[in-house]
Amino acid sequence: METENIFISEKELDRIIAFVRERFAVDFSGYARSSLSRRVARFKKNIRIESADELCMLLESSSEKLRLFIHEITVNTTEMFRDPEFWRYLRQEVLPKLAEFNAIRIWHAGCSTGEEVYSMLILLYETGLIDRAKIIATDINSDVLHKTREGIFRFKDFEAYSRAYEEAGGQHDFSYYFDMNDESFAAKEFLKAPLNLKLHNLTHSTPFSKFDLIMCRNVMIYFNTALQTEVIRLFAGSLFKNGILCIGKKENIAFLESASSFRDLNPAERVYSLREKP
Amino acid sequence: MKTGLILIGGSAGSFRTVCAILRVFPGNAPFPLVLVLHRLKNVNSGFCEALTAAAPGKIVTEPSDKDPVENGRIYLAPANYHLCFEDARTFSLNTDKPVQYSRPSIDMTFYSAAEIFGSRATAFILSGANKDGAAGAAAICTGGGRVIAQDPAECEVETMSQETIRRTGCAVYSEKEIIRFFSEPRL
């Protein structure tokens with residue numbers, strides 16, 4: 001049985017966070033400790049190094065290893081039509097509200113590799129709103145932004161996504177939206193028309209635009225409570241009047257002080273709208 | 001005294017045993033009980049309710065991200081998330097890739113519990129058809145905690161328990177011994 005150091009101590013983690021912030025101006029101090037700890041441990045194990053000191057030296061000496069490290073810490077796994085009943089609700093209740101506007105502005109904050117973005121694009125197409133919509137998809141990591149632009153997904157995920165799409169109320173054959181290859185499937189160009197990509201860090205950020213709908217599902221789980229509070233404040237400043245915020249099924253903003261800017265629209269599906277300012 | 005907890009990991013064939021455990025588990029334990037049971041991805045209601053129904057006078061809840069970890073309560077890992085601990089008093093969820101094809105993964109929760117609770121973690125592995133939980137159980141042992149596997153001969157599916165015993169050399173309890181433990185549980 002392994003007895004190597006499989007846990008990262010608080011001190012080690014603090015050291016790594018401070019080092020990365022000072023040397024590379026990347027601030028992970030707002031990230032949830034459990035996720036940071038797990039991802040740093042995973043990274044250490046994969047490249048077979050033992051100590052925090054060794055890790056810091058490696059990041060200093062190799063820009064490639066630094067890129068991989070930041071990728072490990074910042075990139076989240078995502079899937080298409082995650083929580084189909086949420087997407088049903090979006091189709092049946094939320095998008096019809098937005099259909100009143102001539103232009104619909106949507107922000108996917110922390111879009112990762114784009115699965116959620118393409119789910120939204122498909123939904124917009126099926127509800128006849130794609131020509132009026134503009135989607136800004138942002139992420140801290142440029143690798144995944146590139147992947148979102150490409151819209152190419154692994155073949156082995158096709159069946160699961162297809163089923164989720166159907167459960168979410170999809171009206172076509174899922175393959176209607178993709179060019180199928182041996183190893184992958186690629187989003188057709190017509191889907192991408194509303195899509196804009198932007199490198200953006202949710203930490204220490206101020207509003208850069210206003211939106212009708214913000215999607216930030218299962219991104220803030222990787223943040224600690226202080227950073228979550230800050231991000232919710234950012235979202236409140238980034239929505240038009242009565243603008244809508246959607247977060248992940250088991251996320252919780254109720255106890256954040258900045259959440260007082262929002263009221264429940266469908267709390268079971270974690271959908272909120274911006275309160276009128278007094 | 002440092003806080004501790006009891007964890008149960010299970011998959012195929014474990015539901016009946018978990019219900020029997022919940023029936024005898026006291027309503028006011030001085031620690032939390034955390035259940036990580038493999039479950040269907042998009043089925044969000046029913047499982048928690050079924051377990052609550054098996055445990056009269058007690059409630060099983062699925063924590064949200066950053067929810068508090070409270071003594072005397074029974075928690076079930078929610079579908080399609082991994083359940084971890086931000087600290088000894090706070091849950092943390094994540095959507096990392098499935099581990100051993102599972103999300104929630106027992107390995108994930110056990111590893112996190114080992115890191116946070118160390119010697120104050122006691123973990124049970126029940127019936128299951130894959131190896132999820134064995135590596136996590138090894139982490140619990142490394143952290144100084146205790147692991148108990150259900151006797152493979154009594155498991156509906158022995159794989160999970162067998163693999164855990166192989167990796168950790170842990171104690172093996174019959175179902176009767178497990179039920180007896182949970183009627184007067186201690187860390």
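A salt bridge here is a side-chain nitrogen of Lys or Arg within 4 Å of a carboxyl oxygen of Asp or Glu. By this rule, the count over all chains of this predicted model comes to 29 salt bridges.

One of these pairs crosses between chains: B:Lys41 lies in the loop between β2 (33-37) and α2 (47-54) of chain B, and A:Glu79 in the loop between α4 (63-74) and α5 of chain A. Their side chains meet at 2.8 Å, N to O. B:Lys41 counts as partly exposed because its relative accessibility is 39%. A:Glu79, at 11% relative accessibility, counts as buried. Both residues also belong to a network of salt bridges, in which A:Glu79, A:Arg82, A:Asp83, A:Arg217, B:Lys41 and B:Arg103 are linked.

The interface itself comes next. It brings 35 residues of chain A into contact with 32 residues of chain B. The size of an interface is often given as the accessible area lost when the parts come together. For chain A and chain B the buried area is about 2700 Å², with 44% of it on carbon and sulfur atoms. Five salt bridges are found across this interface, as are 23 residue pairs in polar contact, both residues being at pLDDT 80 or more. On the side of chain A that touches chain B, the elements giving two or more residues are α2 (33-46), α5 (84-98) and α10 (225-236) of chain A. The largest share comes from α2(A), with eight residues. By residue class, this side of chain A divides into eleven nonpolar, ten polar and 14 charged residues.

The side chains meet at 3.2 Å, N to O. A:Lys249 is buried, with a relative accessible area of 12%, whereas A:Glu85 counts as partly exposed at 26% relative accessibility.

Chain B has six helices and nine strands. Its C-alpha trace spans about 40 × 35 × 35 Å along the principal axes. Buried residues make up 61% of the 187 residues. Among contacts in chain B between residues at least 6 apart in sequence, 69% join residues at least 24 apart. Chain B also holds a salt bridge between B:Arg73 and B:Glu70, at 3.0 Å, N to O. B:Arg73 counts as partly exposed at 33% relative accessibility, and B:Glu70 counts as partly exposed at 33%.

Methods
Residues are numbered from 1 along each chain as its sequence is written. Chains are lettered from A and ligands numbered from 1 in the order in which they are written. This is a predicted model: local features need pLDDT of at least 70, side-chain atom pairs count only at pLDDT 80 or more; totals for chains, interfaces and linings use all residues. Side-chain values use heavy atoms; hydrogens and water are left out. Contact means heavy atoms within 4.5 Å. Buried area is the accessible area (1.4 Å probe) that two parts lose on being put together, summed over both. A polar contact is a pair of N or O atoms within 3.5 Å; within protein, one must be able to donate a hydrogen and the other to accept it, and residues adjacent in sequence count only if both atoms are side-chain atoms. Helices (H or I, at least four residues) and strands (E, at least two) are DSSP runs, numbered from the N terminus. Ala, Val, Leu, Ile, Met, Phe, Trp, Tyr, Cys and Pro count as nonpolar, Asp, Glu, Lys and Arg as charged, and the others, Gly among them, as polar. Buried means under 20% relative accessible area, exposed over 50%, partly exposed in between (1.4 Å probe, protein chains only).
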